[in-house]
Amino acid sequence: MPSTHNRDKPWDTPDIDKWALEEFKPEHNTSGLHFAEESSFMTLFPKYREQYLRGIWSDVTKALEKHFIKCELNLVEGSMTVKTTTKTFDPAMIIKARDLIKLLARSVPFPQAVKILQDDVACDVIKIGNFVANKDRFIKRRQRLVGPNGNTLKALELLTKCYILVQGNTVSAMGPFKGLKEVRRVVEDCMKNIHPIYYIKELMIKQELSKNPDLANEDWSRFLPSFKKRYCC
């Protein structure tokens with residue numbers, strides 16, 4: 001049987017950006033029908049976030065109403081809920097709304113958290129509480145991630161193009177998928193006693209190498225530093 005994989009594709013021209021994210025519009029829902037069932041997500045928030053959430057909830061409601069998502073704030077149970085409506089046309093928006101309330105519960109400010117509703121922004125909430133049993137050692141390694149005057153965290157944000165917030169037993173990050181992958185690697189290894197400065201040096205070298213078109217298709221391992229493991233607190 002002849003292969004069908006090598007057929008000509010006249011629509012596949014070199015000027016097409018296959019990685020571009022197109023905005024999902026109402027006309028893309030060709031059926032024009034609303035969803036068969038209601039989808040909803042609920043998340044709890046700590047007591048100290050109650051006053052802040054009460055103050056910005058009207059802004060949260062306005063931001064989600066643009067995408068036809070309904071939201072509820074329950075101060076008795078200490079929970080936030082998002083639901084689809086009959087006018088919701090984007091199936092991915094309920095996932096974005098879920099991420100929004102999850103970030104708000106983790107102390108991310110609303111002006112930053114609302115950016116998650118954009119198509120090119122994703123988020124990752126990394127749990128770090130179970131990496132170290134000793135409390136003093138946990139605090140020391142978490143502070144190592146932040147660095148003196150927050151300089152280590154600022155360097156990671158610049159190199160990964162992500163927003164990073166260290167809060168309690170979690171690290172919240174927002175940005176492009178590629179940057180979030182690097183952030184998770186640095187955070188988890190930092191809690192495993194690998195200093196973030198090693199990854200910062202590696203990311204800086206990769207950033208410079210990416211500017212050279214001659215090295216685009218070459219192996220960069222020979223340019224990257226190799227560090228020996230040291231076991232300490």
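Good morning. The model is predicted, and local features need pLDDT of at least 70, side-chain atom pairs count only at pLDDT 80 or more, while totals for chains, interfaces and linings use all residues. Residues are numbered from 1 along each chain as its sequence is written, and side-chain values use heavy atoms, with hydrogens and water left out.

I begin with the salt bridges. Side chains of opposite charge can pair when their charged atoms come close. A salt bridge here is a side-chain nitrogen of Lys or Arg within 4 Å of a carboxyl oxygen of Asp or Glu. How many does a search of the whole structure find? The search finds 10 salt bridges.

One of them joins Glu72 to Lys83, with the closest N and O atoms 3.5 Å apart. This pair links distant parts of the chain, as Glu72 is in strand β2 (residues 69-74) and Lys83 is in strand β3, 11 residues apart. Helices (H or I, at least four residues) and strands (E, at least two) are DSSP runs, numbered from the N terminus. Glu72 is partly exposed at 34% relative accessible area, and Lys83 is also partly exposed, at 22%. By definition, buried means under 20% relative accessible area, exposed over 50%, and partly exposed in between, with a 1.4 Å probe and protein chains only.

Within helix α2 (residues 93-105), Asp99 and Lys102 lie three residues apart, about one turn of the helix. Their side chains meet in a salt bridge at 3.8 Å, N to O. Asp99 counts as buried at 10%, whereas Lys102 is partly exposed at 31%.

Glu202 and Arg185 form another salt bridge, at 3.1 Å from N to O. Here Glu202 belongs to helix α7 (residues 196-209) and Arg185 to helix α6 (residues 177-191), 17 residues apart.

Which residue is buried yet has no salt bridge? That residue is Arg141, found in helix α4 (residues 135-146). The nearest side chain of opposite charge, Asp189, is 10 Å away; Lys and Arg count as positive and Asp and Glu as negative, while His and the chain ends are not counted. The side chain of Arg141 does reach the backbone oxygen of Met191, at 2.8 Å.

Finally, I turn to Thr81, in strand β3 (residues 79-84). Thr81 is buried, with a relative accessible area of 15%. Beyond its neighbours within four places in sequence, its contacts (heavy atoms within 4.5 Å) include Phe41, Lys70 and Glu72. Thank you.

Terms used
A polar contact is a pair of N or O atoms within 3.5 Å; within protein, one must be able to donate a hydrogen and the other to accept it, and residues adjacent in sequence count only if both atoms are side-chain atoms.
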